[in-house]
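Have a look at the sequence and the 3D view, then read on.

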Protein chains: 2
Amino acid sequence: LTALVDWPAGARELVEGLEVARLATVEPDGQPHVVPICFVVIGDTLYSVVDAKPKRRPLALKRLSNLAANPRATVVADRYDADWTRLAWAMLGGRAALVGDDGEYARALGRLAAKYAQYRTTALARVTNPMIALRIERVRYWTYQTPTTR
Amino acid sequence: LTALVDWPAGARELVEGLEVARLATVEPDGQPHVVPICFVVIGDTLYSVVDAKPKRRPLALKRLSNLAANPRATVVADRYDADWTRLAWAMLGGRAALVGDDGEYARALGRLAAKYAQYRTTALARVTNPMIALRIERVRYWTYQTPTTR
């Protein structure tokens, strides 16, 4: 993996320290769709397993049918705190698709299992639900101290 | 205000109990844009002040230039917990625009000030930064117990 994306200082640490982020896709009529996700980042790719039913009809899931029509997807990973001087977010934009390669799938699932107990101890660890790979093209990073880029 | 939107049971309570949500818009090239926001909901409208610079050039802010070209916007408000049986999210889809009416602006700012100390005690309480109003058209709601709608 060659890292081609410019990650501003602090952005990767913020993202990797979070358990939940939000994935936005776009519906065919131009309406955004955004849901919370569990995830890992390996290099410049973010992975997230779709653990909802129905397993055998992945395109029945809105986020996946959206990606089939428009692969552009964006994830925001942020830290909220009642003390607003601690606010920070990173926005990861790129194109997403289902992981088709078995080796890549296994490697990402291993990382998910290392991060989330549910991928070790529940049915999620045994099934092969669809996994989204977001190939990150651009990282934007904002903290309270640098309020110029949002 | 007449409530025309169908809020599934539990959705409004979830949303109103949260201090941060995420707002997604769409860039002209079809790339989603998503940022964390502070917000209040009054009836079927969600309000969020844009507290970033530059104050006098609101269209310089990406989320606002996006809305000028495509008013469709979606907010997700979710609860994460290491115990996944407590997961829940509500997705609020609709169209967004800047609040132009002074009375509506004042009313929403009053609600924001009641919710967030920063809107009472800092410069945010005195300036009139742009305020986004998302007119909610559809609410989707998901909890771990009802995994059929995402």
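## A salt bridge within chain B

B:R12 is partly exposed, with a relative accessible area of 23% (buried means under 20% relative accessible area, exposed over 50%, and partly exposed in between, using a 1.4 Å probe and protein chains only). Its side chain meets that of B:D44 in a salt bridge, 3.5 Å from N to O; the term stands for a side-chain nitrogen of Lys or Arg within 4 Å of a carboxyl oxygen of Asp or Glu. This pair links distant parts of the chain: B:R12 belongs to helix α1 (residues 11-16) of chain B, while B:D44 lies in the loop between β3 (40-42) and β4 (45-49) of chain B, 32 residues apart. B:D44 counts as buried, at 13% relative accessibility.

## Ground rules

This is a predicted model, where local features need pLDDT of at least 70 and side-chain atom pairs count only at pLDDT 80 or more, while totals for chains, interfaces and linings use all residues. Residues are numbered from 1 along each chain as its sequence is written, chains are lettered from A and ligands numbered from 1 in the order in which they are written, and side-chain values use heavy atoms, with hydrogens and water left out.

## The sheet in chain A

Chain A has an open sheet of 7 strands, in the order β2-β1-β5-β6-β7-β4-β3, with antiparallel pairing. Helices (H or I, at least four residues) and strands (E, at least two) are DSSP runs, numbered from the N terminus, and two strands pair if DSSP finds at least two bridges between them. At the edges sit β2 (32-37) and β3 (40-42) of chain A, each pairing on one side only. From one strand to the next, the twist averages 30 degrees; axes are lines fitted to C-alpha atoms, for helices over the stretch in contact, and angles run from 0 to 180 degrees between N-to-C directions.

Strands β6 (residues 88-98) and β7 (residues 131-143) of chain A pair in the antiparallel sense over 11 bridges. Look for A:G94, whose bridge partner in β7(A) is A:I136.

## Where the chains meet

How many residues of chain B are in contact with chain A? There are 42 residues of chain B in contact with 42 residues of chain A, contact being heavy atoms within 4.5 Å. The area buried between chain B and chain A is about 3,700 Å², and carbon and sulfur atoms give 56% of it; buried area is the accessible area (1.4 Å probe) that two parts lose on being put together, summed over both.

The rule finds 4 salt bridges across this interface. In one, the side chains of A:D78 and B:R22 meet at 2.6 Å, N to O. A:R140 also forms a salt bridge with B:E27, with the closest N and O atoms 2.8 Å apart. That pair crosses from strand β7 of chain A to the loop between β1 and β2 of chain B. A:R140 is buried, with a relative accessible area of 13%, and B:E27 counts as buried too, at 8%.

A:Q31 is in the loop between β1 (21-26) and β2 of chain A, and counts as buried at 7% relative accessibility. Its side chain reaches the backbone oxygen of B:A73 at 2.8 Å and the backbone oxygen of B:G94 at 3.3 Å.

How values were computed. A polar contact is a pair of N or O atoms within 3.5 Å; within protein, one must be able to donate a hydrogen and the other to accept it, and residues adjacent in sequence count only if both atoms are side-chain atoms.
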